[in-house]
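I hope they are handy when you go through the coordinates yourself.

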Amino acid sequence: MAEIGVKQLKNTASRVIDSVENGERVVVTKRGRPAAVIMSIDDAEDFVLSFSEEFVAMRLAGRRAHRAGRSIPLSEI
């Protein structure tokens, strides 16, 4: 993941957005510390959905089923 300082981002925002549109994620630093991440809208949607209550509940239920031996191997699907 690329890193860029806030000051540099101000001067190169258009180029950074172009690289993000091409799949790169960029960490924005402020005084040398990570402050934000710039990612494509598709990546952002996936990130937000992966933490939605419904998805988290499904993931936890799947893990419980797997531990209890009630899951099906991927090769059988």
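1. From the N terminus on, the order of elements is β-α-β-β-α-α, which comes to three helices and three strands. Helices (H or I, at least four residues) and strands (E, at least two) are DSSP runs, numbered from the N terminus. The radius of gyration is 19 Å, well over the 11 Å that the globule rule gives for 77 residues, so the protein is more spread out than a compact globule. That radius is taken over C-alpha atoms, and the globule rule is 2.2 Å times the number of residues to the power 0.38.

2. A word on the basis of all this: the model is predicted, with local features needing pLDDT of at least 70 and side-chain atom pairs counted only at pLDDT 80 or more, while totals for chains, interfaces and linings use all residues. Residues are numbered from 1 along each chain as its sequence is written, and side-chain values use heavy atoms, with hydrogens and water left out.

3. On overall dimensions, the C-alpha atoms fill a box of roughly 55 × 25 × 20 Å along the principal axes. Buried residues make up 18% of the 77 residues; buried means under 20% relative accessible area, exposed over 50%, and partly exposed in between (1.4 Å probe, protein chains only). The protein exposes about 6500 Å², with carbon and sulfur atoms supplying 55% of it, by the Shrake-Rupley method with a 1.4 Å probe.

4. How do the strands pair? Strand β1 (residues 2-5) and β2 pair in the parallel sense over four bridges, and A2 has V26 as its bridge partner in β2. Strand β2 (residues 26-30) runs antiparallel to β3 (residues 33-38), joined to it by five bridges; here V27 is partnered by V37 of β3. Pairing requires that DSSP finds at least two bridges between the strands. β2 is also mostly covered, with four of its five residues buried.

5. The turn deserves a look. β2 and β3 form a hairpin with two residues between them, and R31 sits in that loop between β2 and β3. Phi of R31 is near 55°, a positive value in a residue other than glycine. For background, most residues other than glycine have a negative phi. R31 is exposed, at a relative accessible area of 79%.

6. Which residues does I38 touch? Leaving aside residues up to four places away in sequence, I38 of strand β3 touches L9, V16, V20, E24, R25, V26 and V28, a contact being heavy atoms within 4.5 Å. Across the protein, 27% of the contacts between residues at least 6 apart in sequence join residues at least 24 apart.

7. F47 lies in helix α2 (residues 41-50) and is partly exposed, with a relative accessible area of 48%. F47 and L60 are also 13 residues apart along the chain, and their C-alpha atoms are separated by 17 Å.

8. Finally, charge: the mean positions of the 12 positive and 11 negative charges are 13 Å apart. Lys and Arg count as positive and Asp and Glu as negative, without His and the chain ends; each charge is placed at NZ of Lys, CZ of Arg, CG of Asp or CD of Glu.
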